[in-house]
Amino acid sequence: MKVFLIKTAQYTALIALFFIVLLIMPYTPRFKKQLLFAKIDKDILLKTTKSPRIIFIGGSNLCFGFNSQIFADSLHLNPVNTAVHFGIGIVFMLDNTLKYVKKGDIIVIAEEYDQYFDDFGYGTLGDNIFIASTVNNPIGFMNLRPIQLYYSAKYVPNLLFTKLQIRDYTDVERDKNNNNNVYLRSAFNKYGDAIGHYNQKNRPFVPRNSFGSKFNYQIMDVLKSFIDSAEKKGAVCYVSFPSLQYKTYLNCIHQINQVDNEFKKYHLKVLGNPKEFTFGDEYMFDNVYHLDKKGVDIRSRNLYLELKKKLAN
Amino acid sequence: MLFNSFEFFLFVPVVFTLYWFFFNKSLTLQNLLLLVASCFFYGWFSWKFLILLIACIFLDFLYGFGVNSINKRKSKTYLILSVLNNLSILFVFKYYDFFAVEFQRTFELVGIHLNISLLNIALPVGVSFYTFHGMSYVFDIYRGIRKPVSNFIEYAVFVAFFPLLVAGPIERANHLLPQVQSKRIFKYQQAVEGCRLILWGMFKKVVIADSLALIVDDIFDHYPHHSSFTLILAAIGFSFQIYCDFSGYSDIAIGTGKLFGFELLSNFRFPYFSRDIAEFWRRWHISLSSWFKDYLYIPLGGSKNGKLIAIRNTIIIFLVSGFWHGASWNYLVWGGIHAMAFLPLLISNKNRKHVNEIVANDGKLPTWTELLQILSTFAFVTFAWIFFRMHSLTSALDYIKSIFTNFNNLKEVLIYRWIVFYVLIVLIADWYFRKDERILKIPKLPRLIRIVVYAAITILIFSLLAKMPKQSFIYFQF
């Protein structure tokens, strides 16, 4: 048994060593161009933007559906749109932002409905959360919660192998004319809003019928805990709803109402109602949450008016 | 819990550690841990069906005592009860809806409209396997081959031992129970062989079968749009996909068994090097073929009561085997086709021509005759797999028709050349190891190179596990 254990340990160590070397290696220059690496810029924004600030937290419904300039012009607040990708999960977004919250900050959380169902909020969507946690620190994943590590672990080996793709070092610009170049780190403006898709044609997509199977109350507890901690630091927190395709809204109305009701049950400060942020297909860019430029302006205006009402009270 | 899942990679080391370090004081403790671990493993799929599994185990355990009665009549009654119990579970979960639909259709042909409601219930994972375990136990007691087990935990471990619970190998009471009933002692060589088998099984499943599935499934699902050559290549690809999928599962099961001190029955012995269909069935899903032989073919009279009876029994065996795979006509046809290929060998007394000897045992390559025999057997098996793979008889026939009619854009086949690459890997490895069966045992190579080979395979498996869409094992649906 002893020999077996020693040999197994040696073998495991050898495999582990290989992956550790890959882990320490930086991501390839091409890989670093992708959307998730915008987190680096957004963390800098969170760190350096001066008060009075308004911080937006959410997934891609916010980065692909929001115009922070309206808030800068009308409320004279300095906006920081932290949104990158809903796949990293609400828990990661909140944990990451909390470090940077300052006294006087206004925080608006508008998460995709998926975040409140099943374990999606912990970042179950592929390797997104692992990438987001390691964009500027190869061992940043150690700050993840155990459940987040559990969901991301199986994607790690394949992700690390991308660092060995030689073409990603030699042909960095090969996506230049690609239709998806809106999903790049370079697609964001100075506030963190994605603007790369403004001049692109809307793309067809299929409406959704469900956001998951079971409402996750643990996520609500995480959200409540974030709000309590942020408010202890002297910030004011509001929750709101994501931009959403109207057809999907009709298909999933029960789940959406459930989210709305839970916000009320937890006594959160809510901006608007779900229907207010729904849009016809003519305003949607490429999925049920992403808006085109026309939609972006309407949505941002609606949210601004809701916030203005609250601030006046 | 799938073998090719992250959970399984955590589960096995945890159970292994508990088993050899904390529960190794007595046989009861070892078995108790295995039973709890097996329930956890199965419950990961569905806790509801775990209740069904436990009920099955409990009933067969009780029937065992009744079957052991000295009173022949009483013994037979309990045997019938046990068989009825197991078959009724299979019928309700697996066959009821099929029969209901066919019954309705038959009556509709004569203008009578019946309204039979369907159950539409999910098939419990592994039900075809664990019911067969239970039946083999009571059959063996009835035939006087073994006595009933008095310890429920021991019997439960025999049926529910997690490596073989959901897709076999279908074990025999006589083979596995004595191992369950004696305390396992750690053997280094056995554990190392187990690790090698797990590694090779994972390689076959994750690297070969799942990669082939990505290509082959797409072609099968859109077969009318593909050319003749592509359809032939996809059929070959599927032959290797199902082989690597199921034999990969079996290797992982047998390897995991070894880690816990068990020797499980062999399930595959390089079936695609068979020289005729009879040899193929001695090398493919061996535990099922031999189960049917022992518990159906021989009780029906086997081949000892004349040629006609033997022919009848052979047809029954193949049809039942086809139907065991699923409640659908295409499985029956698949079994029937194999029976038709087997019968000429049986009639001409050539069905036992290649029993134990291995092809090209003395040389490195097969003779031209052997090669021709291997290729023709493989071609036949591949043709039959089309019926197995398609979801209906009509689509299977249509697929075959397309092979003979879709001659436009034949060059399209080059797009799918990766199928050839995966097939060659399996063929070369199987040919190299065909005399030994202990795949990945490469003592002739220097230690460093061996480690590099093993490490490369492990890394490849891990890297593909995340990349591939999560693929269940094909045989889980049976």
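User: Which loop holds Leu414(B)?

Analyst: This is a predicted model, where local features need pLDDT of at least 70, side-chain atom pairs count only at pLDDT 80 or more, and totals for chains, interfaces and linings use all residues. Residues are numbered from 1 along each chain as its sequence is written, with chains lettered from A and ligands numbered from 1 in the order in which they are written. Helices (H or I, at least four residues) and strands (E, at least two) are DSSP runs, numbered from the N terminus. On that numbering, Leu414(B) falls in the loop between helix 16 (393-405) and helix 17 (418-433) of chain B.

User: Is Leu414(B) buried or exposed?

Analyst: The call rests on counting other C-beta atoms, placed from the backbone, within 10 Å of the residue's own: 20 or more is buried, 12 or fewer is exposed, and in between is partly exposed. Leu414(B) has 10 of them, so it comes out as exposed.

User: How far apart in space are Leu414(B) and Phe229(B), C-alpha to C-alpha?

Analyst: In sequence, the two are 185 residues apart. In space, the C-alpha to C-alpha separation of Leu414(B) and Phe229(B) is 9.4 Å.

User: Which residues is Phe161(B) in contact with, leaving aside its neighbours within four places in sequence?

Analyst: Phe161(B) is in the loop between helix 6 (152-160) and helix 7 (162-165) of chain B, and it counts as buried because it has 26 C-beta neighbours inside 10 Å. Its C-alpha is 8.8 Å from that of Cys39(B), 122 residues away along the chain. Taking contact to mean C-beta atoms, placed from the backbone, within 7 Å, the partners of Phe161(B) are Leu34(B) and Ser38(B).

User: How do helix 3 and helix 5 of chain B run relative to each other?

Analyst: Axes here are lines fitted to C-alpha atoms, for helices over the stretch in contact, with angles from 0 to 180 degrees between N-to-C directions. Helix 3 (residues 47-67) and helix 5 (residues 127-142) of chain B pack at about 5 degrees, with their axes 9 Å apart. Under 35 degrees is roughly parallel, over 145 roughly antiparallel, 65 to 115 roughly perpendicular and the rest oblique. That makes helix 3 of chain B, relative to helix 5 of chain B, roughly parallel.

User: What classes of residue make up that contact of helix 3 with helix 5 of chain B?

Analyst: Among the residues that meet are Leu53(B) and Asp60(B) from helix 3 of chain B, and Tyr130(B) and Gly134(B) from helix 5 of chain B. Ala, Val, Leu, Ile, Met, Phe, Trp, Tyr, Cys and Pro count as nonpolar, Asp, Glu, Lys and Arg as charged, and the others, Gly among them, as polar. The tally for this contact is nine nonpolar, three polar and one charged.

User: Which helix of chain A gives the most to the side that touches chain B?

Analyst: The contact takes 12 residues from chain A and 13 from chain B. On the chain A side, helix 1 (2-24) and helix 8 (156-161) each supply at least two residues. The top contributor, with five residues, is helix 1 of chain A.

User: Is Phe270(B), with its positive phi, buried or exposed?

Analyst: Phi of Phe270(B) is near 50 degrees, a positive value in a residue other than glycine. Phe270(B) lies in the loop between helix 10 (228-259) and helix 11 (277-283) of chain B. With 22 other C-beta atoms within 10 Å, Phe270(B) is buried.

Note on methods
Two residues are in contact if their C-beta atoms, placed from the backbone, lie within 7 Å.
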